[in-house]
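Hi,

I am passing on the model we talked about. Please have a look, and my notes come after it.

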Amino acid sequence: MSEIKACIFDLDGVIVDTAKYHFLAWRKLANELGFDFSEEQNEMLKGVSRIESLRLILELGGVSMSEEDIQLLAAKKNEDYLIFVNQMDEKEILPGVVSFLEQVRASGMKVVLGSASKNAERILKQINLIDIFDVIIDGTKTSRSKPDPQVFIMGAEAVSIPNEHCVVFEDAPKGVQAAQAAGMKTVGIGKSDVLGAADRVIPGFEGLELEFLQTL
Ligand code: BG6
Ligand code: MG
C-alpha cells in the first residue's frame, strides 16, 4: 500500500462547486460599486480568503475605502453568498466524492478538510457530509491564506501524520502551492493547463479508486 496516511481535501471546487455562488455575490458587490467583475477574474480568487478577495476586487475596480467599510462590505458579500449556501443539499456534492471519501475512511487513512472558507462547517452540514471528516481546519482557525501552507500543516498536525505522508486534493493553483510548501503530495482537481504544478491532475473523483494513491 502507498505511504499516504492522510487525505486532505479542499472544500470549494473539490467537494462542491461553490465558485459560481461566490462569483454571483462578488459581481453584485462590484456592480453596486460601479464596476464589472468577470468570471475570469473570479478564477484568481480561488483559495483566497474572503477579506483578501475583497481587497483584490477593490483594487481591480480602483476603489479605496476605510478598513471599517471593507469589513462591512465583506460581511454584506457573505450575507449574499449565504442565500445560495442555505439552499444547498446533497445533490451539490460533486460526482464520485462520497464514494472516494468512504474508501479513504474505510482504509483507515485520516480524512481531513483544509479550506480557507469560514463557512466550511455550515456547508458540510448543509450537504450532510460533516461526519466523514476526522478533522476540519477552515478559515475560522487559520490566520494566513493559501498559498501559505498553514491550513494544511494544521490539518496534518491535528491527525498526527507527518506532512510527507499527506496528499492534498485542490482545485486552486494557490492551494497546490500551499500543499507543496508544506511538503505534501498534491492532486489537482480540474485542468492540467491550470494545475500543472500538481503531482497529478484529474478532472474529478468520478470512478476514482483508492489504488490511485499508489501511483503518486
Ligand atoms: C475558498 C474559496 O475556499 O474560501 C474562495 O476558494 C473564498 O473563493 C474563500 O473566498 C473564503 O470563503 P468564505 O466562505 O469564508 O467567504
Ligand atoms: Mg478550492
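Below are some notes on one helix pair and on the salt bridges.

This is a predicted model: local features need pLDDT of at least 70 and side-chain atom pairs count only at pLDDT 80 or more, while totals for chains, interfaces and linings use all residues. Residues are numbered from 1 along each chain as its sequence is written, chains are lettered from A and ligands numbered from 1 in the order written, and side-chain values use heavy atoms, without hydrogens and water.

**Helix pair**

Helix H1 (residues 19-32) and helix H4 (residues 67-85) have axes that come within 9 Å and cross at roughly 135°. Residues in contact (heavy atoms within 4.5 Å) include Trp26 and Leu29 of H1 and Tyr81 and Phe84 of H4.

**Salt bridges**

There are 12 salt bridges in the structure (a side-chain nitrogen of Lys or Arg within 4 Å of a carboxyl oxygen of Asp or Glu). Glu3 and Lys185 form one of them, at 3.1 Å from N to O. This pair links distant parts of the chain, 182 residues apart, with Lys185 in strand E5 (residues 185-189). Lys185 is buried at 18% relative accessible area, whereas Glu3 is partly exposed at 44% (buried is under 20%, exposed over 50%, partly exposed in between, with a 1.4 Å probe and protein chains only).

Glu67 and Arg55 also meet in a salt bridge, at 3.1 Å from N to O; Glu67 lies in helix H4 and Arg55 in helix H3 (residues 50-60).

Best wishes

Terms used. Axes are lines fitted to C-alpha atoms, for helices over the stretch in contact, and angles run from 0 to 180 degrees between N-to-C directions. Helices (H or I, at least four residues) and strands (E, at least two) are DSSP runs, numbered from the N terminus.
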